[in-house]
Amino acid sequence: MHLTSHSFEPILKKDAAANHIRPSMTYWQDAWRRLKKNKLAMIGLYIILLILLIALAGPWLSTLSYSDQDLTATNQSPSAEHWFGTDNLGRDLFIRVLYGARISLSIGIVASILNLTIGVIYGGIAGFFGGRTDKVMMNVVDILYGIPVLLYVILLMVVLEPGLINIFIALGIAYWLRMARIVRGQILGLKEQDYVLAARTLGAGSWRILFRHLIPNSMGPIIITMTLAIPEAIFTEAFLSFIGLGVAAPMASWGVLASEGITSLRSYPFQLFFPAMAISITMLAFNFLGDGLRDALDPRVRR
Amino acid sequence: MLRYMLIRIFNSLLVLLAIITITFFLMHAIPGGPFTSEKNIPAAVLKNIEEHYRLHDPLWKQYIDYLGNLTHFDLGPSFKYAGRTVNDLIRESFPVSLQLGMVSIALSILLGIPAGAIAALRQNKWQDYATMFLATLGVSVPSFVLATLLIYIFAIKLSLLPAAMWGGITYMILPALTLAGQPTAFIARLTRSSMLEVLAQDYIKTARAKGLSPALILYRHALKNALIPIITYIGPMAAGILTGSFIIENIFAIPGLGRHFVTSIYNRDYTVILGVTIFYSVLIIGLNLIVDLIYPLLNPRIKLTGKQGE
Amino acid sequence: MNSNPLLSVEELTVCFDTFAGEVKAVDTISFQVYPGEAIGIVGESGCGKSVTAHSIMQLIPTPPGRYAKGKILFGKDDLLQKSEADMAKIRGNDISIIFQDAMTSLNPVLTIGMQIGESLQLHQHMNKQDAYARAVEMLRLVGIPSPEERIKEYPHQFSGGMRQRVMIAMALSCNPKLLIADEPTTALDVTIQAQILDLMKDLQGKLNTAIILISHDLGAIASLCSRVIVMYAGKIAEAGTAIDIFHQPQHPYTWGLLQSLPRIDMMQKQKLAIIPGQPPDLLSPPTGCPFHPRCPHAMSICQEHYPETTVLTKGHMVHCWLQHPDAPKPNREVTA
Ligand SMILES: Nc1ncnc2c1ncn2[C@@H]1O[C@H](COP(=O)(O)OP(=O)(O)OP(=O)(O)O)[C@@H](O)[C@H]1O
Ligand code: SF4
Ligand SMILES: [Mg+2]
């Protein structure tokens, strides 16, 4: 070590300590960084984007429509002409699966947006106003939670008659309870925090605080719940199709295609294979992404 | 404790009443439904229905009568088949569904819990990745796909097991496995995450600091805590297996209640739909109630305030 | 203190491999504990106190943790070389540890008796009845009223202070030679803190157990410990007898800590945060003396080189350039 006459001169520094504070990342940057490291979640994300793209653009790629029949070419095996083969009315299965993507995904997305809206408003109000309001509102949720929802979706569909719009309605009003609980829990925790109190002392109104501060800060759990609600809705629709309560012919969701495929399983297994693959891959993608988001957004595991 | 129990029981009755009311009025909303006396229904059935539901009375009185019938478990006649009641149907076919359901529940617990525990103990090792990949696959593949896959492999290609019908153990294997698929996967995931959470707790550190062996820590300190959340899944699991049986019983041509229920949906046999829905609801609500009443006994730290916890 | 040390930590270095890089949580620290004595380790949050304590018990999760260097001699054996099974025989028997948060350190679904009894059954090979009898005795020792009944209860039926007493009873049940108390009172309110410290002092006298008391709080340490180690950023800043540290402190960080000590005439405890600035980020620690960004006496050399060890009297040592003969005489009252 080399000592000079300057070695023992006092140094004046006021803000040197600041140099050693780790560059702070925002919540979302940090979450994104964690998500990117999760390979399965990223694969899930890319698959979902790809499926969305195909669902939006796919049908324009072909001159055939999902309802075009060709009775001279029924039940054909997959070939260069019909990638996924044809069904018993000679309809091209590839085209039908593409259209099915539109229907199944829109069911998933619309239904989860519906229950997001209901859940956020309901849970937000309960959590924000707290006290008696909260108690009553959450008691209602607790009671409704005891109802086996799927049975009532079935019942509703029996009453409403099958159809896309009715499926939106049935799924939308059936599955908002979980969202309401999660949002309420978040809001209850958040509203005691300093910045909310600060906003309140600055005179911000209740609704403004709720929609400007509280709900945006609850986005993490909301997004996770959404990601898992979409496949659940797709799933439920497939289930409904199977018991004859899905969308009406000649439109076809993946669930309808799959249940049609099951009837001809012995002779033409490919008719089930492709729609089943489409459902399973989409589910898997959403589940991987959902799990990844949970890990990335959960503040408890952040480091 | 008693207060908590009474409140829970009261809440369950409330749910039940809500369900019956919703169901009743939903059915009334159907044009040509069970409570309007038009359409070409066999005269004998019509007469039965009219008698049973007293269709000429005002709506509120019908509702009261309907509730009255339910109190002695009378679900009324079938809308489609003369001389059959919903009670007959349930009596004949529910035991089959119950048997299948029990086997599936047992399977999913016996497979799911060890799988999840192993994944947690080997976190981020290949055992964990493999189990969780399978489990995610398991929750992602619809049961009818799994069913057909199993039939295709074991019944059609290998001719090892019967593809359909009911009678004897061999007939039960494929449907029970299919039905157990999703719950097993779900239990495995639940066990893993709850186990990981427990293993990160301070009291596990305490147990290690006492010098307990890993096996003892796992068995005595971790497992019991980790399994508590799984008990709350029993209700939803039963509901899932039940609704799963609608599809599975159809695919495997099993003469259970689920299959009859789906048939009644196809036939729009409204009274059967109504009756079976109520029957299933009672079953699930009852099961949830039992779970809720047992739960505090297993979990000494729970505070009994009469409110359902999150 | 002329016997052999019970525990001798030699140049211990513990690292964590995190995604952002290596964290040296404990960096080349050495100290001894003699039979029956109480030493204190003090320092701000994140300075490596718990990592030191957990290293002694081999409770650091590896990975991400890594015992990079050094020895931990207990008697003649290096604990770092022991197998997991051998270590298990020592934990809870020869060395015990009490954690900061008694609320979460007890298993909620097992009775208190079970939790105290199991280490007795394990280490002392007692049968169930004897273990329970001894557990009752231990509970009485730590001042829990009607222990025969309380032993059948669950943790949630105990208050925070009572749970910490249970933890102490559990830790002492096998008569360990060394008790490590990692902030045993931080989670408790002030009056209970004092009671627990009194209890520990009392038991130390009765049972002649050596104690390592870890704390933020110099006051707690003063009441119990004969020797004190002041840690900063994973290193030992200053170590000495309690008299050295409280009456002849030499390190500017120790001065800062002492100034944050509540005086007798003050009712409320003040926080350590009185020292301006924040503890360094161990991912990219400052060069030279880690305290220099916050040190009111920092000199040019402090930014470049880690200070040499200066031994002042037997047992009193300090790492600070102010000890260098060429350094100016500092004015202790200066606190940035
Ligand atoms: N499992 C871990 N992974 C990564 N870093 C860790 C881990 N455990 C501890 N550290 C790091 O080691 C350093 C020292 O932590 P330690 O818990 O010993 O602090 P402490 O002095 O006990 O603080 P406190 O007073 O808050 O308990 C911290 O900076 C922390 O970042
Ligand atoms: S070495 Fe320098 S910076 Fe470090 S404590 Fe001493 S005077 Fe302060
Ligand atoms: Mg600590």
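# Helices, ligand shells and single residues

Reader: How many of the 10 residues of helix α11 (residues 254-263) of chain A are buried?
Author: Helices here are DSSP runs of H or I, at least four residues; strands are runs of E, at least two; both are numbered from the N terminus. Buried means under 20% relative accessible area, exposed means over 50%, and partly exposed lies in between (1.4 Å probe, protein chains only). By that cut-off α11(A) is mostly covered, with the buried count at 8.

Reader: What kind of model is this, and what counts in it?
Author: Residues are numbered from 1 along each chain as its sequence is written, chains are lettered from A and ligands numbered from 1 in the order written, and side-chain values use heavy atoms, with hydrogens and water left out. Local features need pLDDT of at least 70, side-chain atom pairs count only at pLDDT 80 or more, and totals for chains, interfaces and linings use all residues, as this is a predicted model.

Reader: Which elements do the buried residues of α11(A) pack against?
Author: The buried set includes A:Trp254, A:Val256, A:Leu257 and A:Ile262. Contact means heavy atoms within 4.5 Å. Partners come from two chains: α6 (143-157) and α10 (234-251) of chain B, and, in chain A, α2 (39-57), α3 (93-129), α10 (219-242) and α12 (270-297).

Reader: How far apart are the end C-alpha atoms of residues 103-129 of chain A?
Author: An unreviewed UniProt entry places "transmembrane region" on this stretch and on 40-61, 222-252 and 272-293 of chain A. UniProt positions follow the numbering used here, feature names are shortened, and annotations may be inferred rather than shown by experiment. In the model, residues 103-129 are 100% helix and 0% strand, and the end-to-end separation is 38 Å.

Reader: What share of the 310 residues in chain B is buried?
Author: Chain B has 12 helices and 0 strands. Among its contacts between residues at least 6 apart in sequence, 71% join residues at least 24 apart. The buried share of chain B is 51%.

Reader: Why does B:Ala253 count as buried?
Author: B:Ala253 sits in the loop between α10 and α11 (257-266) of chain B. Its phi is positive, about 50°, although it is not a glycine. B:Ala253 counts as buried because its relative accessible area is 17%.

Reader: C:Thr28 also deserves a look. Is C:Thr28 buried or partly exposed?
Author: C:Thr28 belongs to strand β2 (residues 21-33) of chain C. It is not a glycine, yet its phi is positive at about 50°. With a relative accessibility of 34%, C:Thr28 is partly exposed.

Reader: Which residues does C:Arg134 touch, beyond four places away in sequence?
Author: C:Arg134 is part of helix α5 (residues 128-141) of chain C. It counts as buried because its relative accessibility is 18%. Its contacts are C:Leu120, C:Met126, C:Leu172, C:Ser173 and C:Asn175.

Reader: How much of the area that ligand 1 exposes alone does the protein bury?
Author: A polar contact is a pair of N or O atoms within 3.5 Å; within protein, one must be able to donate a hydrogen and the other to accept it, and residues adjacent in sequence count only if both atoms are side-chain atoms. Oxygen atoms of ligand 1 come 2.6 Å from a side-chain N or O of C:Ser50 and 2.7 Å from one of C:His216. Alone, ligand 1 exposes 640 Å², and the protein buries 70%. Areas come from the Shrake-Rupley method, with the protein chains shown as the only cover for residues and a probe of 1.4 Å.

Reader: Which element gives the most to the shell around ligand 1?
Author: A residue is near a molecule or strand if one of its heavy atoms lies within 4 Å of it. Around ligand 1 there are 15 residues, with C:Ser45, C:Gly46 and C:Glu183 among the closest. With 3 residues, the top contributor is α1(C).

Reader: How many charged residues are in the shell around ligand 2?
Author: Ala, Val, Leu, Ile, Met, Phe, Trp, Tyr, Cys and Pro count as nonpolar, Asp, Glu, Lys and Arg as charged, and the others, Gly among them, as polar. The nearest of the 13 residues around ligand 2 are C:Cys289, C:Cys295, C:Cys302, C:Cys320 and C:Trp321. The shell has 10 nonpolar and 3 polar residues; the charged count is none.
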